[in-house]
Amino acid sequence: MPLKDATVAAAYMRKWRERARATGMCDACHSSPATIAKKCERCHERALGYRRAIKREALDHYGGRCVCCGEGNDAFLSFDHINNDGAQMRRSIPSTNGGVGLHYWLRRNGYPDIFQVMCFNCNYAKHHLGACPHQSTEE
């Protein structure tokens, strides 16, 4: 029987997870012993795969490669605030404080064009040096 009231459903799920934790079982499936971050290995891998898919979807929307150097490996890519207003955005919208929270926020908000994809090196250089060395006209 589905629970129609969201607060009742949330309370039910909270109690369900607490019972799972108390018995050392997985938060997600409640049938296997928890081994990684309160989840069984199967549920952890499934959640990890989903988070990677959300990031890949966002990366693809913004071109999938570093706009500066062309790096395309997901492990090296991050999202850059084009106008350098990331700190202000993180203060005003806490769910955008990096990681999967930002990826979900991007999707929910239609992938706003205030972001671009940069590798960590280029993003670091842009923030700390003022510009990425790849953008330097001096060779």
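In the protein chain, 46% of the contacts with a separation of 6 or more join residues 24 or more positions apart, a contact being defined by heavy atoms within 4.5 Å. The model is predicted: local features require pLDDT of at least 70, side-chain atom pairs count only at pLDDT 80 or more, and totals for chains, interfaces and linings use all residues. Residues are numbered from 1 along each chain as its sequence is written, and side-chain values use heavy atoms, with hydrogens and water left out.

**Overall architecture**

The protein chain contains 5 helices and 2 strands, where helices (H or I, at least four residues) and strands (E, at least two) are DSSP runs numbered from the N terminus. Along the sequence, these elements follow the pattern α-α-β-α-α-β-α. The protein chain is more spread out than a compact globule, because its radius of gyration is 20 Å, well over the 14 Å that the globule rule gives for 139 residues. That radius is taken over C-alpha atoms, and the rule is 2.2 Å times the number of residues to the power 0.38. Along the principal axes, the C-alpha atoms fill a box of roughly 65 × 30 × 25 Å.

**Surface and charge**

Of the 139 residues in the protein chain, 28% are buried; buried means under 20% relative accessible area, exposed over 50%, and partly exposed in between (1.4 Å probe, protein chains only). The protein chain exposes about 9,300 Å², of which carbon and sulfur atoms supply 54%. Accessible areas come from the Shrake-Rupley method with a 1.4 Å probe, and for residues only the protein chains shown count as cover. The chain carries 20 positive and 14 negative charges, whose mean positions are 12 Å apart. Lys and Arg count as positive and Asp and Glu as negative, without His and the chain ends; each charge is placed at NZ of Lys, CZ of Arg, CG of Asp or CD of Glu.

**Aromatic cluster**

The structure holds 5 aromatic pairs. Rings of Phe, Tyr and Trp (its six-membered ring) pair if their centres lie within 6.5 Å; planes under 30 degrees apart count as stacked, over 60 as edge-to-face and the rest as tilted. The pair of Trp105 and Phe115 is edge-to-face, because the ring centres are 6.2 Å apart and the planes stand at 65°. This pair links distant parts of the chain, with Trp105 in helix H4 (residues 99-108) and Phe115 in strand S2 (residues 115-119), 10 residues apart. Tyr62, Phe79, Trp105, Tyr111 and Phe115 form one aromatic cluster. The table lists the accessibility of selected members.

| Residue | Relative accessible area | Class |
|---|---|---|
| Trp105 | 11% | buried |
| Phe115 | 3% | buried |
| Tyr111 | 14% | buried |

**Individual residues**

Tyr111 is found in the loop between H4 and S2, and its phi is near 50°, a positive value in a residue other than glycine. Asn84 likewise has a positive phi, of about 55°, although it is not a glycine. Asn84 lies in the loop between S1 and helix H3 (86-92) and counts as exposed at 57% relative accessibility.

His81 belongs to strand S1 (residues 77-81) and is buried, with a relative accessible area of 10%. Leaving out residues up to four places away in sequence, His81 touches Gly86, Met89, Arg90, Ile114, Phe115 and Lys126.

Asn123 is placed in helix H5 (residues 120-129) and counts as buried at 17% relative accessibility. Beyond its neighbours within four places in sequence, Asn123 is in contact with Ser78, Phe79, Asp80 and Met118.
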